[in-house]
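Please read this report alongside the chain shown below. It takes up disulfides, a sheet, helices and annotated spans in turn.

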Amino acid sequence: LLRRDVSSNLLSSFPVTGLHGLTHLKLTGNHALQSLITSENFPELKVMEMPYAYQCCAFGACENHYRISSQWNKDDNSSSDDFHRKDAGLLQIQDERDFEDFFLDFEEDLKSHHSVQCSPSPGPFKPCDHLFGSWLIRIGVWTIVGLTFICNALVSATVFRSPLYLSSIKLLIGLIAIVNALMGLASGVLASVDASTFGSFAQYGAQWESGIGCQITGLLSIFASEASIFLLTLAALERACSVKHATKFETKSSIASIKIAISFCFMLALIIAVIPLLTGSEYGVSPLCLPLPFGESTAMGYMVALVLVNSLCFLVMTVAYTKLYCSLEKGELDNIWDCSMVKHIALLLFTNCILYCPVAFLSFSSLLNLTFISPEVIKSILLVIVPLPACLNPLLYILFNPHFKEDLGSLRKQTLIWRRSKHASLISVNSEDIEKQSCDSTQALVTFTSASISYDMPTRSSLISPSYQMTEGCNLSSVAFVPCH
């Protein structure tokens, strides 16, 4: 038996007994077959098609040797030219031979180039050894994850735990910090997978990208990214309206309308994040758990639609702030109420728009079939540039917004007051214990005194009276003192 085609089945394992002489093996479509097949069990294998690219790693394939476009790419040298000339000569006599004999001769000629032809071939998005691929990406992702958790926790604590008045714009800033922390959590999960599978990602790649963990990670990442953009758009519109109407203090109706708009933003972001799960689980097309801007038409269409929606949000924010600054006279911005929040939202708008440009360009370049962007660059953009706003947004608030310093100072005062009140309660409890201990000591002293007096005074009334008066003074229960005879 030389050839075996068991594609599009439900195999979860593949036997090796009696199949050591196989030269051609086709296992595509067996998505339940996620384990690796070792090359020692098939020493004569020449051509194989596997369900996952990670299974080709055991046969000498690596992402540096093969390309995503085609596994038949060759180096531009004299040997490859001879190979193509032989290929053309074989194609001319193909109709004179049986197809099977032609394919065997073709594979014999390939034997000098590659020992095993395996597809799909590994690449930057189907790595054999490391999920991240380089230490520069790995260090960048871990730095972003650490700063995202720390900075967003500080912003959330100062906004929601501060005793000062929680305005609608500060509520939006706090909610943006929470969704940014979710983006950091998604990046942290990918960083943990890279660390736990360091050097042997091929053994776990199929289980990871087809598992529930990858689906949740992708869902969390898209939801956090879209919710952050929608909330930032709402914050820009809120600032433009507040300055336009010159409302110094907000009413209950405005706060209620802002809360309704916030609920709509979260609902819309959740719907967008759930769409890939309903249309074929595009989160599992790569171990990065993100819909890629190339490959199948559904994934490409989803990414382009996502870019168009986000571009519309940035356009609305830009138009709102342009009209705001044009309507104000020179120097009037510094005189309006809460101008620091207006400047802060403008800074967030500029930063997030600049960081989103590479993602938008990447999606449209894939739509236009512009292939000058390497897969390594695409991978770096998805891992570093996409979660970078979740790290920079709280940093900009902490470093340049005076509201953070005010909220942090009030939070410290609240903490000090709480500690002092707790310390005072402890002191009062300790004083009561000391008073009780003093009364107990006095009572014991009276006991010994009464016992000594009992030897000199024969009457019982003289014994009980002093101790009874002392216990009444200490507010203790009466105790009958029995002298020792």
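## Disulfide count and basis

A disulfide here is a pair of cysteine sulfur atoms within 2.5 Å. By this rule the chain has three disulfides. Number the bonded cysteines in sequence order and the pairing reads 1-3, 2-4, 5-6.

The model is predicted: local features need pLDDT of at least 70, side-chain atom pairs count only at pLDDT 80 or more, and totals for chains, interfaces and linings use all residues. Residues are numbered from 1 along each chain as its sequence is written, and side-chain values use heavy atoms, with hydrogens and water left out.

Cys 56 bonds to Cys 118, with 1.8 Å between the sulfur atoms. The S-S torsion of Cys 56 and Cys 118 is about -70 degrees, so this disulfide is left-handed. The pair links distant parts of the chain, 62 residues apart: Cys 56 sits in the loop between E3 and helix H1 (78-92), Cys 118 in strand E4. Helices (H or I, at least four residues) and strands (E, at least two) are DSSP runs, numbered from the N terminus. Cys 56 has 0% relative accessibility and counts as buried. Buried means under 20% relative accessible area, exposed over 50%, and partly exposed in between (1.4 Å probe, protein chains only). Cys 118 is also buried, at a relative accessible area of 1%.

Cys 57 bonds to Cys 128, with sulfur atoms 1.9 Å apart. The torsion about the S-S bond of Cys 57 and Cys 128 is about -80 degrees, so that disulfide is left-handed. Again distant parts of the chain are linked, 71 residues apart: Cys 57 is in the loop between E3 and H1, and Cys 128 in the loop between E4 and H3. Both Cys 57 and Cys 128 are buried.

## The pair at Cys 214

Which cysteine forms a disulfide with Cys 214? The partner is Cys 289, and the sulfur atoms are 2.0 Å apart. The S-S torsion of Cys 214 and Cys 289 is about -125 degrees, so the disulfide is left-handed. Cys 214 lies in helix H6 (residues 212-245) and Cys 289 in the loop between helix H7 (252-278) and helix H8 (297-327), so the pair ties together parts 75 residues apart in sequence. Cys 214 and Cys 289 are buried.

Cys 151 counts as buried, at 6% relative accessibility.

Cys 357 is in no disulfide; the nearest cysteine sulfur, that of Cys 353, is 4.8 Å away. Cys 357 counts as partly exposed, at 42% relative accessibility.

## The parallel sheet

Strands of a sheet pair through backbone hydrogen bonds, either parallel or antiparallel. In this model four strands form an open sheet, in the order E1-E2-E3-E4 and with parallel pairing. Strand E1 (3-5) and strand E4 (117-119) are the edges, each pairing on one side only. Two strands count as paired if DSSP finds at least two bridges between them. Neighbouring strands are turned by 5 degrees against each other on average, direction ignored. Axes for such angles are lines fitted to C-alpha atoms, for helices over the stretch in contact, and angles run from 0 to 180 degrees between N-to-C directions.

Strand E2 (residues 24-26) and strand E3 (residues 47-49) run parallel, joined by three bridges. His 24 stands opposite Val 47 in E3. Val 47 counts as buried, at 11% relative accessibility. The C-alpha atoms of Val 47 and Ser 119 are separated by 8.5 Å, although the two are 72 residues apart along the chain.

## Helices and annotated spans

Helix H10 (residues 375-385) has buried residues Ile 378, Lys 379, Ile 381, Leu 382 and Leu 383. Their cover includes helix H3 (135-160), helix H4 (168-196) and helix H9 (339-367). Contact means heavy atoms within 4.5 Å.

The unreviewed UniProt entry places "transmembrane region" at several spans, including residues 210-237 and 345-368. UniProt positions follow the numbering used here, feature names are shortened, and annotations may be inferred rather than shown by experiment. Residues 210-237 are 93% helix and 0% strand, with end C-alpha atoms 40 Å apart. Residues 345-368 are 96% helix and 0% strand, and their end C-alpha atoms lie 34 Å apart.
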